[in-house]
Amino acid sequence: MITAIVMIDAATDSIAEVAEAVAALPGVSEVYSVAGDVDLVALVRVHEFEEIAQVIAGRINKVPGVVDTATHIAFRAYSRHDLEAAFSIGFESTDQ
């Protein structure tokens with residue numbers, strides 16, 4: 001699975017509508033409204049690299065109210081479980 005993190009600038013008066021429209025697109029698994037330099041962050045999950053262009057350039061960028069996007073491709077995913085294993089020094093957890 002290929003994951004792309006898409007930062008989305010949206011028209012100020014339609015952020016919620018843009019978020020809902022993007023979230024409904026095939027290939028988009030989640031959309032977050034965020035504070036900071038961008039308005040929305042979308043997670044795109046696809047099986048082939050070619051699909052990234054289809055989802056982002058072909059769908060997300062065409063949603064009315066999307067002003068700009070910046071895409072970051074994920075190389076590796078770390079879950080809480082993976083991080084615990086990576087930093088474990090062999091002691092058993094005291095959490096039960």
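A residue is called buried under 20% relative accessible area, exposed over 50%, and partly exposed in between. The exercises below concern a predicted model.

**Exercise 1.** Determine whether Glu-30 is buried, exposed or partly exposed, and treat Arg-45 likewise.

*Solution.* Step one: the relative accessible area of Glu-30 is 27%. This value falls between the two limits, so Glu-30 is partly exposed. Step two: for Arg-45 the relative accessible area is 34%, and Arg-45 is therefore partly exposed as well.

**Exercise 2.** State how many salt bridges the model contains, and explain what the pair ties together.

*Solution.* Step one: the count is one salt bridge. Step two: the partners are Glu-30 and Arg-45, whose closest N and O atoms are 3.2 Å apart. A salt bridge requires a distance within 4 Å. Step three: Glu-30 belongs to strand β2 and Arg-45 to strand β3, so the pair ties together parts that are 15 residues apart in sequence. In general, side chains of opposite charge can pair when their charged atoms come close.

**Exercise 3.** Describe the sheet by giving the order of its strands, its edges and its pairings.

*Solution.* Step one: the sheet is open, and its four strands follow the order β2-β3-β1-β4 with antiparallel pairing. Step two: β2 (28-33) and β4 (66-73) are the edge strands, each pairing on one side only. Step three: from one strand to the next, the twist averages 20 degrees. Step four: β1 (residues 2-10) is joined to β4 by seven bridges, and Ala-4 stands opposite Ile-73 of β4. Step five: β2 and β3 run antiparallel and share five bridges; Tyr-32 has Val-41 in β3 as its bridge partner. In the hairpin of β2 and β3, six residues lie between the strands, and Gly-36 takes a positive phi near 125 degrees.

**Exercise 4.** Identify which strands each helix touches or lies across.

*Solution.* Step one: helix α1 (residues 15-23) packs on the sheet and touches β1, β2, β3 (40-46) and β4. The direction of α1 makes about 165 degrees with that of β2. Step two: helix α2 (residues 49-56) lies across β1, β2, β3 and β4, at about 140 degrees to β3.

Definitions and conventions:
Residues numbered from 1 in each chain as written. Predicted model: local features only at pLDDT ≥ 70, side-chain atom pairs only at ≥ 80, totals over all residues. Heavy atoms only, no water. Pairing = 2+ DSSP bridges. Helix = DSSP H or I, 4+ residues; strand = E, 2+ residues; numbered from the N terminus. Axes fitted to C-alpha atoms, helices over the stretch in contact; angles between N-to-C directions. Contact = heavy atoms within 4.5 Å. Salt bridge = Lys/Arg side-chain N within 4 Å of Asp/Glu carboxyl O. Buried < 20%, exposed > 50% of the residue type's maximum accessible area, 1.4 Å probe, protein only.
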